[in-house]
Amino acid sequence: MDNNLNWDKFEKEIANNHYYYARSCIRQNFFPGAEEIFINILRNNLKKDIYDDPKHTTCTGIGYHSSIIPLETTMTVIARQFSLMNEAGYQNFVCSCVTSFGLYLEVLSTWHHFPETLEKTKKYLKEATGRTFELPKNLVHASDIIYKFRNELASMIKYKLINFKTQEPLNVVEHVGCHYAKIFPESGIGGAEYPRVLSGIIETWGGRVIDYPERRHCCGFGFRQYLVKSNRGYSYSHSLKKLESMKPYKVDLIITNCPGCNYFLDRWQYVAAVNENKLFGRDNKAIPVLTFEELTAILLGYNPWKVGLQMHQIPVEPLLDKLGISYSKEEKYFKTKAPKIPTILNY
Amino acid sequence: MSFDYLKKNDRVIYYDNNDRALYYYLKRVEPSISLCIACGACTATCSAGNFSSLDFHKIMLSIRRGEKVYIAKEITQCVMCGKCMLVCPKNVNTRGIILQIISFLQSYKI
Amino acid sequence: MNTDVLIIGGGIAGLEAASIINKLGHKIILIEKEKQLGGHVALWDKLFPDFKKADYVIEQIQANIDNNITIYLSTQVVTITKLNKTFICKLNNSNTIESKTILITTGYDIFDARLKEEYGYGIFPNVITSVELETLFKNNKPILTSHGRTPDRVGFIHCVGSRDRKINNIYCSKVCCVTAVKQAIELKQKLPFVEAYCFYMDLRMYGLNFEEIYNESQEKYGVTFIRGRLSETSETHDGKLIIKVEDTLLGRPLRMTMDLLILMVGMIRSEGTKFLISELNLDTNSSNFINPTDEHLLPNNTNVKGVFVAGTATSPKSISDTIADARSAAFFIHQYLLNN
């Protein structure tokens with residue numbers, strides 16, 4: 001299905017070890033378990049060295065894409081990130097967020113084609129913080145690392161992406177963030193038309209990738225669109241278009257690598273269910289939306305509630321039941337008060 | 001709870017769902033309609049087009065796509081001057097087609 | 001072996017040039033890399049604009065080939081060296097030919113539609129090329145979707161592999177538009193109830209009787225022409241295709257279900273031409289085909305004295321163009337041989 005004539009021979013360079021991790025603003029706030037579990041997977045399961053720096057900041061992607069932070073500021077902040085990476089003794093940069101990834105690539109490309117901007121950035125950083133920086137040798141997104149080690153992880157996972165009662169592969173929709181490959185196709189595994197990064201992982205772990213007509217349609221996140229409430233309907237309409245297109249395929253699970261896409265596909269299903277009584281998944285239920293780190297974690301056997309799956313607005317219990325993962329209903333909200341779940345999603 | 005998000009309406013032409021009955025009717029009563037290539041000469045010379053939104057080549061295309069609502073809204077602005085027929089390079093009977101459209105829409109109360 | 005002219009390529013250009021140069025009294029050796037002569041024309045069923053059989057054209061051209069022309073099949077050139085005014089050509093059948101002139105008629109290759117992955121060729125089984133459709137016509141096979149049913153709706157996509165900077169082919173392949181009209185008519189003749197659509201950017205109906213068959217396709221056969229370039233093809237869950245196209249004349253996006261999609265693939269420089277360009281150090285034009293010395297007055301000369309070219313090795317051409325070009329090359333070669 002995903003046969004890419006030219007991309008088969010193209011290997012994206014992904015470093016093997018010693019990563020410097022740059023966290024995501026959104027993912028940390030909405031699905032905080034995801035990043036912690038990624039670090040745990042890399043350290044405990046894959047035995048890699050990954051550095052979690054408390055001194056690093058946002059990449060200013062949200063501000064830059066909403067035109068409230070000028071490009072020079074963004075470049076200087078990014079330069080500081082690289083400087084912190086050098087200070088910690090690392091050369092391989094790993095971004096958690098796809099927008100960050102796109103922004104870092106954009107800035108690196110600008111510095112490459114317009115060397116005067118690099119000189120200016122060096123000057124600004126020196127004046128603002130007294131720091132100097134070197135460019136990273138390797139810059140990848142966190143999902144690239146999971147893709148790289150998908151075969152090793154395949155031998156470690158306790159559950160495959162199959163319905164453990166019927167042994168049928170699960171129908172999985174993969175949604176790759178726009179900034180991953182659409183801007184710089186050669187920096188994404190598999191190019192821009194059929195990015196391989198998530199579909200490769202799903203297929204290696206036994207799932208069935210669903211190719212539906214609106215597969216490459218943007219989820220509608222796009223910063224400018226949703227930041228103002230009066231525009232949010234526009235973003236909502238985009239995600240709805242995707243979800244309606246997925247409906248005939250009886251989807252069990254959506255996987256994303258971008259925190260914004262994950263948040264939207266999750267939340268807009270909630271809005272569609274409550275406002276319009278619409279459900280898009282198999283057996284007339286909503287489709288659980290997981291980040292790739294969360295999926296890896298639950299397949300490896302981590303406790304779903306410690307991973308943070310209760311933070312998703314679409315209930316994940318049907319998926320856990322299909323996978324055969326046991327979970328405790330009482331532990332779901334630990335000691336906090338459980339939120340009120342609308343009847344349509346209370347199954 | 002209400003979220004007050006106004007869903008935007010799609011502007012896509014969903015060809016599969018459109019009803020092209022008007023097109024088949026016109027093909028029968030005015031076969032020259034098949035020759036139109038939407039070159040726009042008719043629209044360029046149209047008298048009504050100077051002061052209204054009447055765009056005859058868009059109407060010809062909409063007939064083929066089955067966009068009845070658009071046609072019904074716009075076609076009544078035609079003043080029947082016949083200039084479009086004089087300039088058409090394919091000899092399409094444009095004025096005749098307009099009369100047939102109006103008659104069809106009236107009899108089916110669209 | 002010695003000869004006056006070595007013709008590399010046994011398609012209609014090489015054959016037509018051979019028959020004329022021979023009649024003008026010169027010695028010819030013609031080599032062809034396949035097992036049979038006729039080039040791409042041998043694959044076609046009926047030709048535009050009058051729907052005559054392609055085999056008829058090849059028969060007529062071959063009938064003029066006299067017996068004294070030496071023809072080697074399954075033969076290719078391995079090396080060429082120029083020594084004063086002679087070309088020393090080593091062939092893969094261990095022969096070495098010393099020739100006064102070379103005529104390059106290595107033709108074209110067909111664009112590999114898998115490079116346009118968004119169109120779905122090689123990914124969805126109901127996307128085929130115009131060449132595959134022509135083969136179905138020629139062998140009188142039924143036109144069926146991958147489910148074995150007659151299609152209700154067929155779409156022809158123009159400009160696949162041509163006029164496209166993403167694949168580095170900025171030129172127009174000239175004949176695909178009129179071929180699409182021709183194939184749409186043939187399809188409607190075979191399957192009168194099928195809906196046929198052509199998705200074009202510009203319609204190039206440049207030649208004699210082309211506009212006439214375009215009119216006929218609309219008036220008599222009801223083919224619908226939609227101006228808009230296909231952006232992507234997707235598959236529905238029951239195996240049909242959904243295409244996303246902009247109806248540029250209406251200014252709105254259009255989505256349509258199709259049973260079968262035909263990609264009008266263009267011409268690209270052939271591997272044989274590529275080899276000869278590097279072996280002989282020939283100039284190329286912006287489309288990477290061989291550059292003739294002057295496109296109006298000297299369309300068959302190249303920058304290397306004694307090396308001539310005819311047919312689609314310089315640019316996409318129709319069959320009428322190619323035959324005329326081959327005859328013109330014969331004349332220039334004849335002149336050159338008389339003066340040297």
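I take helices (H or I, at least four residues) and strands (E, at least two) as DSSP runs, numbered from the N terminus. This is a predicted model, so I noted the limits: local features need pLDDT of at least 70, side-chain atom pairs count only at pLDDT 80 or more, and totals for chains, interfaces and linings use all residues. Residues are numbered from 1 along each chain as its sequence is written, and chains are lettered from A and ligands numbered from 1 in the order in which they are written.

**Helix α6(B)**

I started at the end: Lys109(B) follows α6(B) and has a positive phi, near 50°.

Which residues of α6(B) are buried? I found Thr94(B), Ile97(B), Ile98(B) and Ile101(B). They lie on the same side of α6(B) because their arc around the axis is only 100° (taken from the directions from the helix axis to the C-beta atoms). Buried means 20 or more other C-beta atoms within 10 Å of a residue's own, exposed 12 or fewer, with C-beta atoms placed from the backbone. Exposed Ser103(B), Gln106(B) and Ser107(B) sit on the face turned away from the buried side.

**Chain B against chain C**

I counted 14 residues of chain B in contact with 15 of chain C (C-beta atoms, placed from the backbone, within 7 Å). α3(B) gives the most to chain B's side, four residues.

Definitions and conventions. Two residues are in contact if their C-beta atoms, placed from the backbone, lie within 7 Å.
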